[in-house]
Amino acid sequence: MDHSATCAVDPAVVEAMLPYFSEKFGNPSSLYAIGRQARRAIEDSRQKVADLLGARKEEIIFTGSGTESDNLAIKGIAYKNRKKGDHIITSSIEHHAVLHTCKFLGTQGFNITYLPVNKEGIVNPADVERALTPKTILISVMHANNEIGTIQPIEEIGKIAKEKGIPFHTDAVQTAGKLALNVDSLGVDLLSISAHKIYGPKGVGTLYIRKGTFLEPQLHGGGHERNIRSSTENVPGIVGFARAAELARERLPHEQEIAGLRDSLIKGVLEIKDSYLNGHPTKRLPNNANFRFSFIEGESLLLNLDMKGIAASTGSACSSTSLEPSHVLLAIGLKPEDAHGSLRLTLGLENTQEDVDQVVSILPDIVNKLRMMSPLTR
Amino acid sequence: MTEGYSEKVMEHFASPRNVGEIKDADGIGKVGNPVCGDLMWIYIKVKDNRLEDVKFKTFGCGAAIATSSMITEMAKGKTIEEALKITRNDVAEALDGLPPIKMHCSNLAADGLHAAIKDYLEKSGKK
């Protein structure tokens with residue numbers, strides 16, 4: 001139950017991709033037949049991904065990952081507008097792809113405002129408005145958080161950005177395929193998504209760039225992707241992304257069922273004494289449940305679940321390479337020792353009520369075993 | 001996720017030995033910090049200069065729990081002097097190694113044991 005980390009590639013996606021490794025191997029920049037065939041495949045794919053976002057085909061740029069899309073959006077806008085200003089507004093709970101990019105720009109002479117969130121992990125649009133200065137050149141706030149699943153008031157922030165004429169970027173890597181996405185109703189100028197979170201292949205992402213929004217390329221070379229992202233196109237990856245995007249649109253109604261499973265999971269797990277839900281009870285991704293259990297540590301919780309064949313994730317420092325507890329959990333006001341005891345379960349299409357029941361039935365014993373061992377247990 | 005851990009670590013983690021507290025312990029060693037994610041309490045019972053019983057309570061990751069379990073096995077039956085010679089590296093080696101990142105933060109068991117012995121020596125007026 002760690003679908004927010006990644007998903008298996010859908011067999012229909014693999015099927016769509018396969019010919020582009022072998023008989024349709026052409027370089028889209030070549031003018032002869034197989035090159036033109038590859039070019040056509042990319043342009044068809046561009047339309048399909050645009051459809052997922054309610055965007056126009058010309059506004060879609062293919063990249064190598066969600067992280068690259070975030071980097072391109074933020075650095076691209078920052079460097080393009082350096083003469084206009086040097087101030088960027090973001091939130092304190094962004095994915096590292098945004099947060100570390102902003103931190104880097106902070107070392108390059110840009111000023112970054114990291115907005116706080118409330119205890120449910122939500123950015124207050126009034127804070128965005130208050131943070132604006134005449135030098136603000138970009139606002140970047142994620143659509144939904146990858147750890148605690150909280151959905152941000154993007155439409156409201158979008159209105160503020162539009163009113164002031166400031167480019168607005170959102171990282172929608174977690175929401176693609178989970179919520180209906182429409183760049184116009186969201187009011188965003190830039191939006192990042194990634195294929196592998198929607199049952200597509202790894203190594204391909206998209207940056208939506210609203211017509212009239214200009215940014216500085218971050219990869220220079222042969223002028224691919226309208227001179228915004230040079231690199232020979234990853235044709236099979238792009239074709240797979242497009243097929244995954246089509247399937248994601250078809251399956252969107254199914255997310256209601258996943259939300260039902262999530263609610264059943266949350267209800268069942270919260271029966272455990274001294275357990276809490278991190279994030280907002282309703283404004284959250286349909287597939288995300290994030291808990292914390294007092295007195296125990298997340299990695300040992302994960303290992304125990306793993307021994308029972310259940311994959312999960314934690315914000316504990318002990319499972320990260322940085323040895324720091326999750327910045328998201330600290331930003332919602334948790335003490336480090338509580339952040340260590342977090343458990344994220346994210347559901348996918350394969351999960352059933354039986355899976356939920358299994359977790360709900362084995363988790364109490366695991367929590368209990370670890371609490372018996374813990375000197376913190378009261 | 002378990003890739004970094006040896007089979008021995010996983011075995012001790014899955015079935016830790018000597019979990020719990022000793023009610024009338026002769027010494028207790030408390031090391032680590034819950035803020036960092038690892039907290040270890042080691043209890044010892046001493047008879048005729050030997051560690052007659054060793055138990056632990058630990059809040060922490062797989063490595064923290066496995067090293068706690070391992071040190072209780074290594075220390076039990078040893079004299080105070082022998083037990084003081086057990087190092088962090090000895091514990092890691094007995095577990096067929098630990099992932100490098102865990103060597104510093106979670107490999108606290110030897111410190112916990114030494115702290116418990118120090119507590120015993122102070123309480124019994126031997127130091």
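## A walk through chains A and B

Start by selecting Asn227(A): this residue sits in helix α8 (residues 224-227) of chain A. Keep in mind that this is a predicted model, where local features need pLDDT of at least 70, side-chain atom pairs count only at pLDDT 80 or more, and totals for chains, interfaces and linings use all residues. Residues are numbered from 1 along each chain as its sequence is written, chains are lettered from A and ligands numbered from 1 in the order in which they are written, and side-chain values use heavy atoms, with hydrogens and water left out. Helices (H or I, at least four residues) and strands (E, at least two) are DSSP runs, numbered from the N terminus.

Stay on Asn227(A) and check the backbone: phi is near 65°, a positive value in a residue other than glycine. Asn227(A) has a relative accessible area of 48%, so it counts as partly exposed. (Buried is under 20% relative accessible area, exposed over 50%, partly exposed in between, with a 1.4 Å probe and protein chains only.)

Next, jump to Tyr199(A), in the loop between β6 (190-194) and β7 (205-209) of chain A. Phi of Tyr199(A) is also positive, near 65°. With a relative accessible area of 14%, Tyr199(A) is buried.

Now pick Asp44(A), in helix α2 (residues 33-53) of chain A. Asp44(A) is partly exposed because its relative accessibility is 45%.

One more stop in chain A: Ser92(A), in the loop between β2 (87-91) and α4 (96-107). Which backbone oxygen lies 2.9 Å from a polar atom of the Ser92(A) side chain? Show Leu115(A); the oxygen belongs to that residue. Beyond neighbours within four places in sequence, the contacts of Ser92(A) (heavy atoms within 4.5 Å) include Tyr114(A), Pro116(A), His327(A) and Ala331(A).

Finally, switch to chain B and zoom out. You'll find six helices and three strands, running α-β-β-β-α-α-α-α-α along the sequence. The C-alpha trace spans about 45 × 30 × 20 Å along its principal axes. Why call chain B compact? Its radius of gyration is 14 Å, which agrees with the value near 14 Å for a compact globule of 127 residues; the radius is taken over C-alpha atoms, and the globule rule is 2.2 Å times the number of residues to the power 0.38. Color chain B by burial and you are looking at 52% buried residues.

Definitions and conventions:
A polar contact is a pair of N or O atoms within 3.5 Å; within protein, one must be able to donate a hydrogen and the other to accept it, and residues adjacent in sequence count only if both atoms are side-chain atoms.
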